[in-house]
Amino acid sequence: MSENTGAGHAAASYRTAGVDIDAGDRAVELMKEWVKKARRPEVLGGLGGFAGLFDASALKRYERPLLASATDGVGTKVDIARRMGVYDTIGHDLVAMVMDDIVVCGAEPLFMTDYICVGKVHPERVAAIVKGIAEGCVLAGCALVGGETAEHPGLLGEDDFDVAGAGTGVVEADRQLGPDRIRKGDRVVAMAASGLHSNGYSLVRHVLLNQAGLALESRIDELGRTLGEELLEPTRIYSLDCLALIRTTEVHAFSHVTGGGLAANLARVVPDGLHAVVDRSTWSPAPVFDLVGRTGSVERLELERTLNMGVGMIAIVPEESTDAALTTLADRGVDAWVVGEITDRGKHSTGAALVGDYAS
């Protein structure tokens, strides 16, 4: 005697389980025009294959090419995008988090792939996210060679989503930047951040939205715009700016200021025996940093190890290269200044420290 386990139930399908293949196909069609804009001559084929293809023969011009790779996401900043219903900027953040890590060693960004996870595929929404990623790739000088959109019903709400990406770059072995190039007397050059970038949003959301109960639509006079607009400001992509510095002057190292803050990320590239001294009095952080600190009674040290405090990228250059570096960055529209120097480690236990008070 057989048992009919499906008795009383409608026939199941992928759609009734919550996955809409047709919506996914429409999302792919909508994103194609944006992906085409983020190409390099080395990219073969188009969207829709099982893998993105990049012609590695382009690397034959290198004596000893080193491939640099990185992967990242944008953290809980996606919650701000979801709440505001703005999806075409979060991709800039994703590219910045990945490609600005790659350029730190002096590598030229080559290509990137993305992963978008959603509770329900809204084709226009997914296409808007990919549009932002493609635009970010153009700003970073790399190609978007592929990606994946995954629908996870039952695990994510219909409006929930997350993004992640992975990228690859290349640098000549004898031109790799890093701690071994840094010398006592080198200058530390800061490049201004566009805002909070994509780190510390768990603290920011907790303080401003949960504790203070501020609305994203509320206009904050000290910010000169709504809170949501400030929090969704895209992360600056420094890749081409850093490559321009390498071409025009001598650079010893870069440091991408992300999770952990300025001092901790700078310490990652300072060699044993040396110390980076950063003078707070050389700049005044944007109002959003004071807003978070004041509203949440967050101590300065906690702010500094969570947020970038207005510095998104650091270049360490010889003293004689400082003027050329600042000129190159100014010509590219990057606000930059000398923020400190490299000294002997001495009694210092860490590779970098902030001293003094911020300019008013």
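## Salt bridge between E302 and R305

E302 is partly exposed, its relative accessible area being 31%. In this predicted model, E302 is joined by a salt bridge to R305, with 2.8 Å between the closest N and O atoms. R305, for its part, has a relative accessibility of 52% and therefore counts as exposed, since the cut-off for that class is over 50%.

## R300 and D357

A salt bridge also links R300 to D357, where the closest N and O atoms are 3.1 Å apart. Because R300 belongs to helix α10 (residues 300–304) while D357 sits in the segment after β14 (352–355), this pair ties together parts that are 57 residues apart in sequence. With a relative accessible area of 38%, R300 is partly exposed, whereas D357 is exposed, at 54%.

## A pair within helix α9

The side chains of D290 and R294 meet in a salt bridge, for which the N to O distance is 2.4 Å. Both residues lie in helix α9 (residues 287–296), and the 4 residues that separate D290 from R294 correspond to about one turn of the helix. R294 is partly exposed at 45% relative accessibility, and D290 is likewise partly exposed, with a relative accessible area of 46%.

Methods:
Residues numbered from 1 in each chain as written. Predicted model: local features only at pLDDT ≥ 70, side-chain atom pairs only at ≥ 80, totals over all residues. Heavy atoms only, no water. Salt bridge = Lys/Arg side-chain N within 4 Å of Asp/Glu carboxyl O. Helix = DSSP H or I, 4+ residues; strand = E, 2+ residues; numbered from the N terminus. Buried < 20%, exposed > 50% of the residue type's maximum accessible area, 1.4 Å probe, protein only.
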